[in-house]
Amino acid sequence: MTSSTREHIAARLAVDLPVAVRDQAIVPFLQPQISVSTREVIGVEVLSRWTHPELGVIPPAVFIPIAEETGAIHGLGRLMLRACCRVGAFWQQRSQPLDVAVNVAPSQLATETFYAEVREELADSGIDPHRLTVEVTEATVIDDPVVTAGRLDRLRDLGVVVSIDDFGAGHSSLRRVTDLRATELKLDRKLVAEAATEKLAQAAIEFAHRRGMRTVGEGVETKEQLARLQRLGCDRAQGYLIAKPVSETRFSGWMRETVGV
Ligand code: C2E
Ligand code: CA
Ligand code: CA
């Protein structure tokens with residue numbers, strides 16, 4: 001694809017995104033998380049999916065940055081937050097309560113209305129706030145850790161779990177994780193994939209546990225990787241080995257088949 005074609009598509013997506021958000025054409029997909037020690041399903045992450053009527057499936061790696069640039073991320077984020085709380089409330093009422101996680105972009109955290117939205121969605125859905133996790137990437141916070149820590153405090157004050165996503169993907173710093181007073185550390189696929197990064201993964205998990213944080217290994221694709229996480233004492237695992245992200249309906253079917261609920 002030439003760079004001008006790419007620009008043309010990006011421009012088209014920028015125009016179509018607000019419409020897709022309004023029409024709820026961007027939908028939540030769910031990917032389960034299991035307890036590494038018991039292998040029970042204990043949570044899900046909500047991931048946005050967009051099938052464009054003419055251009056087909058657009059990956060989040062393409063449309064999320066455009067949504068951030070154009071401001072569509074606020075509507076999109078609200079949609080996913082609402083879906084996440086709804087899913088949490090649904091499973092809370094069943095025999096299998098699940099923790100639910102949603103990704104939040106830096107610009108959402110920087111917007112005052114976001115905190116009111118979180119309060120509103122918690123109240124409307126009736127979900128226990130401790131069941132909701134807000135995932136922010138480490139890259140989000142590099143700009144201004146002090147300001148970000150204050151924003152994350154407001155979420156924690158509501159009882160919500162704050163997770164640092166993609167830890168180990170870039171210039172990760174355990175010091176920064178401490179400064180942010182995060183309650184969960186999510187190890188990036190890079191730290192999970194290779195035996196070569198085991199020492200780093202081990203250091204991160206031990207560090208997190210010393211501070212009372214929960215740990216999640218993501219992008220788990222093989223039994224060896226899951227066994228390694230277990231050896232390192234990682235709390236939770238997520239990845240294709242367990243299940244790929246699927247629609248809500250398919251997730252319910254998967255739960256019925258796998259867990260029997
Ligand atoms: P993320 O938050 O790190 O989400 C995990 C990504 O890894 C997802 O990609 C998921 O489909 C993929 N994944 C899960 N298990 C495996 C595995 O075993 N192997 C491999 N290779 N990949 C795996 P996805 O859905 O394409 O999303 C990409 C990124 O887009 C997300 O990364 C997140 O940063 C962002 N994103 C997605 N939905 C939203 C959203 O609603 N809001 C915001 N702000 N960002 C979102
Ligand atoms: Ca995430
Ligand atoms: Ca991640």
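User: Which residue in β5 does N103 stand opposite?

Analyst: This is a predicted model, in which local features need pLDDT of at least 70 and side-chain atom pairs count only at pLDDT 80 or more, while totals for chains, interfaces and linings use all residues. Residues are numbered from 1 along each chain as its sequence is written, chains are lettered from A and ligands numbered from 1 in the order in which they are written, and side-chain values use heavy atoms, with hydrogens and water left out. β4 and β5 pair in the parallel sense over four bridges, where pairing requires that DSSP find at least two bridges between two strands, and strands are DSSP runs of E with at least two residues, helices being runs of H or I with at least four, numbered from the N terminus. Within β5, the residue opposite N103 is E135.

User: How many bridges join β5 to β6, and which residue in β6 stands opposite T133?

Analyst: The strands β5 and β6 run parallel and are joined by five bridges. In β6, the residue that stands opposite T133 is V161.

User: How many residues line the largest pocket?

Analyst: A pocket here is an open set of points on a 1 Å grid over the protein atoms alone, where a 1.4 Å probe fits and protein lies on both sides within 12 Å along at least five of seven lines, and lining residues have an atom within 4 Å of a point. About 1,100 Å³ of space lies in the largest pocket, and the elements that give two or more residues to its lining include β4 (99-103), β5 (132-137) and β6 (161-167). E45, L47, P60, N103 and D165 lie nearest the pocket's centre, and the lining residues number 35.

User: At what distance from an oxygen atom of ligand 1 does a polar side-chain atom of S48 lie?

Analyst: Ligand 1 is surrounded by 20 residues, the closest being S48, R49, N103, E221 and Y240, where a surrounding residue has a heavy atom within 4 Å of the ligand. A polar contact is a pair of N or O atoms within 3.5 Å, and a polar side-chain atom of R49 lies 2.8 Å from an oxygen atom of ligand 1. For S48, the corresponding distance to an oxygen atom of ligand 1 is 2.6 Å.

User: Is T258 buried, exposed or partly exposed?

Analyst: T258 lies in helix α12 (residues 248-258), and its side chain reaches the backbone oxygen of W254 at 2.4 Å. Buried means under 20% relative accessible area and exposed over 50%, with partly exposed in between, using a 1.4 Å probe and protein chains only. Because its relative accessibility is 49%, T258 counts as partly exposed.

Key: Grid points are joined across faces, edges and corners, and a volume is the space filled by probe spheres set on the points. A polar contact is a pair of N or O atoms within 3.5 Å; within protein, one must be able to donate a hydrogen and the other to accept it, and residues adjacent in sequence count only if both atoms are side-chain atoms.
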